[in-house]
Amino acid sequence: MRDVDDDVDLKPPAALAAIQRAARDHGFAMSCDDRTGALLRTLAAARPRGRVLELGTGAGVSTAWILDGMDGASTLLTIDSDAAVASIAAAHLGGDARVTFRVGDAEALLGELAGQRFELIFADTWPGKFHALDACLDLLEKGGHYVIDDLLPQTTWPEGHAPKVEALVETLGQRGNLVLVKLCWASGLILATKR
Ligand SMILES: C[S@@+](CC[C@H](N)C(=O)[O-])C[C@H]1O[C@@H](n2cnc3c(N)ncnc32)[C@H](O)[C@@H]1O
């Protein structure tokens with residue numbers, strides 16, 4: 001294997017190209033990249049009959065990768081506050097009975113889900129990542145995976161975002177009930193497992 005192989009022969013989900021095209025046409029540029037998607041798919045595949053939570057559906061790029069890894073008995077709950085963007089995901093993936101799309105605020109959903117457990121959480125928006133972190137991690141099953149991306153500096157970051165990312169990385173690293181690895185790869189990820 002060579003490092004340049006990261007993006008080679010990933011066998012993307014069938015719906016991916018059409019979703020990426022629709023996202024581009026809509027002007028949505030926040031979808032995860034293929035390496036991140038392939039990692040999410042691999043983690044989803046490790047959880048037969050798994051419950052997966054995605055915060056920040058976007059146009060459905062990460063959703064498509066996660067669904068591609070899940071077995072037939074797994075379920076995915078995904079939420080986005082932007083109805084227009086999320087409608088792209090629903091249009092391409094809504095026929096899959098394993099996925100439930102919600103439009104609304106992820107923080108409110110985290111409150112609503114209190115007491116439930118998920119084996120995989122991809123926190124790809126503000127709540128569950130930069131705030132409401134406890135509420136999100138409380139939902140993670142022991143042995144479950146919590147994934148975040150966009151941790152490496154990006155030219156598109158607004159003023160004052162870098163210190164927030166640093167603080168998030170530090171606070172996650174200090175949590176005794178998380179075993180984590182920092183991946184300076186793709187957009188920069190943390191993969192954490194709950195003890
Ligand atoms: C990084 S994008 C998600 C990209 C998607 N996960 C992917 O990789 O294809 C973040 C999304 O969070 C949504 N969002 C922003 N604030 C939110 C909130 N409070 N609750 C739910 N979604 C929110 C935005 O509309 C945007 O689609």
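Reader: How many bridges join strand β5 to strand β7?
Author: In this predicted model, four bridges join β5, residues 140-148, to β7, residues 189-194. The two strands run antiparallel.

Reader: And which residue in β7 does Tyr146 stand opposite?
Author: Tyr146 stands opposite Ala192.

Reader: What is the strand order in the sheet?
Author: The order is β3-β2-β1-β4-β5-β7-β6, in an open sheet of seven strands with mixed pairing. At the edges stand β3 (99-103) and β6 (178-183). Each of these has a single partner strand, so one side of each is left without a neighbour in the sheet. On average, neighbouring strands are turned by 15° against each other, direction ignored.

Reader: Which strands does helix α2 lie across?
Author: Helix α2, residues 34-45, lies across β4 (118-123), β5, β6 and β7. The helix runs at about 170° to β4.

Reader: Back to β7 for a moment. Where is Lys194 found, and is Lys194 buried or exposed?
Author: Lys194 is found in strand β7, and this lysine is buried. Even so, Lys194 has no salt bridge.

Reader: Why does Asp138 not count as a salt-bridge partner for Lys194?
Author: Asp138 is the nearest side chain of opposite charge, but Asp138 is 5.1 Å away.

Reader: What does the Lys194 side chain reach, then?
Author: The side chain of Lys194 reaches the backbone oxygen of Leu140 at 2.9 Å. Leaving aside residues up to four places away in sequence, Lys194 touches Leu137, Asp138, Leu140, Glu141, Lys142, Gly143, Gly144, Asn177 and Leu178.

Reader: Let us change topic. How many salt bridges does the count come to?
Author: The count comes to seven salt bridges. One of them joins Arg41 to Asp68, with the closest N and O atoms 2.9 Å apart. This pair links distant parts of the chain, since Arg41 belongs to helix α2 and Asp68 to helix α3 (residues 61-69), 27 residues apart.

Reader: Are Arg41 and Asp68 buried or partly exposed?
Author: Arg41 counts as buried at 16% relative accessibility, while Asp68 counts as partly exposed at 39%.

Reader: Which residue does Glu112 meet in a salt bridge?
Author: The side chain of Glu112 meets that of Arg102, at 2.9 Å from N to O. Glu112 lies in helix α5 (residues 106-112) and Arg102 in strand β3, so the pair ties together parts that are ten residues apart in sequence. Glu112 is partly exposed at 49% relative accessibility, and Arg102 is partly exposed at 30%.

Reader: Which residues are linked in a network of salt bridges?
Author: The network links Asp7, Asp33 and Arg35.

Reader: And what does Arg98 form a salt bridge with?
Author: Arg98 forms a salt bridge with Asp96, the closest N and O atoms being 2.7 Å apart. Arg98 is buried, with a relative accessible area of 18%.

Reader: How far apart are the C-alpha atoms of Ile88 and Arg98?
Author: Their C-alpha atoms are separated by 17 Å, and the two residues are ten residues apart along the chain. Ile88 lies in helix α4 (residues 83-93) and is buried, with a relative accessible area of 10%.

Reader: What does Ile88 touch?
Author: Not counting residues up to four places away in sequence, Ile88 touches Ile19, Ala22, Ala23, His26 and Ala59.

Note on methods
Residues numbered from 1 in each chain as written. Predicted model: local features only at pLDDT ≥ 70, side-chain atom pairs only at ≥ 80, totals over all residues. Heavy atoms only, no water. Pairing = 2+ DSSP bridges. Axes fitted to C-alpha atoms, helices over the stretch in contact; angles between N-to-C directions. Contact = heavy atoms within 4.5 Å. Buried < 20%, exposed > 50% of the residue type's maximum accessible area, 1.4 Å probe, protein only. Lys, Arg positive; Asp, Glu negative; His and termini not counted. Salt bridge = Lys/Arg side-chain N within 4 Å of Asp/Glu carboxyl O. Polar contact = N/O pair within 3.5 Å; in protein donor to acceptor, adjacent residues only side chain to side chain.
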